[in-house]
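Please look over the sequence and the structure, and then read on.

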Amino acid sequence: MHAQHHAPLSGFRAMIPLFCLLAGACTGSGGTSESRPGAADGSALGAGASGPEAAPDKVRKSEEEWRKELPPEVFHIVREKGTERAFTGKYWNHTGKGVYLCAACGQPLYASDAKFDSGCGWPSFTAPVAKEAIGQAVDRSLGMVRMEVVCSRCDAHLGHVFDDGPAPTGLRHCINSGALKFQESR
Ligand SMILES: [Zn+2]
């Protein structure tokens, strides 16, 4: 129901695959999937349990490169884990058929079919377009335990996932508009 900010999900368990993911990202061993040890986490979170081909074309850029490339408000969200104010982003009440891409690297993240009106003031989705499109991390900032959602390709911070969403997943991927770029389907 309204467990929103304190929903632990499977937080502790999810840390293990997360660290694998981070370690893989740091050492450049691109083959490690974030999900292999975490099939259980994956099903609980609506992500993970992907194949071995997670993020074959990982995007890595220095913070300086990102800063040059991205508008300041986008940089703040995706690289500094910023959060836009509720009801201020361009997509919280946006409708239209298409797919929402990562604002930093262009990877498809969420389909409009998975978008729902959560009333929270941020674009909300029940699931990503593909399990391997996103990565997750435990976020203990601001005195809360939340599950952070990132782009699996460039590690852009997107938002958080909560377990108070509607069927079929019961999840609410609460994503900053500034981390997304809508591409209309024709
Ligand atoms: Zn990205």
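## Basis and overall pattern

Helices (H or I, at least four residues) and strands (E, at least two) are DSSP runs, numbered from the N terminus. On that basis the chain has four helices and nine strands, and along the sequence they follow the pattern α-α-α-α-β-β-β-β-β-β-β-β-β.

The model is predicted, with local features needing pLDDT of at least 70 and side-chain atom pairs counting only at pLDDT 80 or more, while totals for chains, interfaces and linings use all residues. Residues are numbered from 1 along each chain as its sequence is written.

## Burial and contacts

A residue is buried if 20 or more other C-beta atoms lie within 10 Å of its own, exposed if 12 or fewer, and partly exposed in between, with C-beta atoms placed from the backbone. Of the 186 residues of the chain, 44% count as buried.

Two residues are in contact if their C-beta atoms, placed from the backbone, lie within 7 Å. Among contacts with a separation of 6 or more, 60% join residues 24 or more positions apart.

## The largest nonpolar core

A nonpolar core is a set of buried Ala, Val, Leu, Ile, Met, Phe, Trp, Tyr and Cys residues joined through C-beta atoms within 7 Å. The largest one holds 35 residues, of which Cys 102, Leu 109, Cys 151, Ala 156, Ile 175 and Ala 179 touch the most other members. Elements giving two or more residues to this core include helix 4 (72–80) and strand 1 (98–102).

## Helix 4

The buried residues of helix 4 are Val 74, Phe 75, Ile 77 and Val 78, and they pack against helix 3 (63–69) and strand 7. Just after helix 4, Lys 81 takes a positive phi of about 55°.
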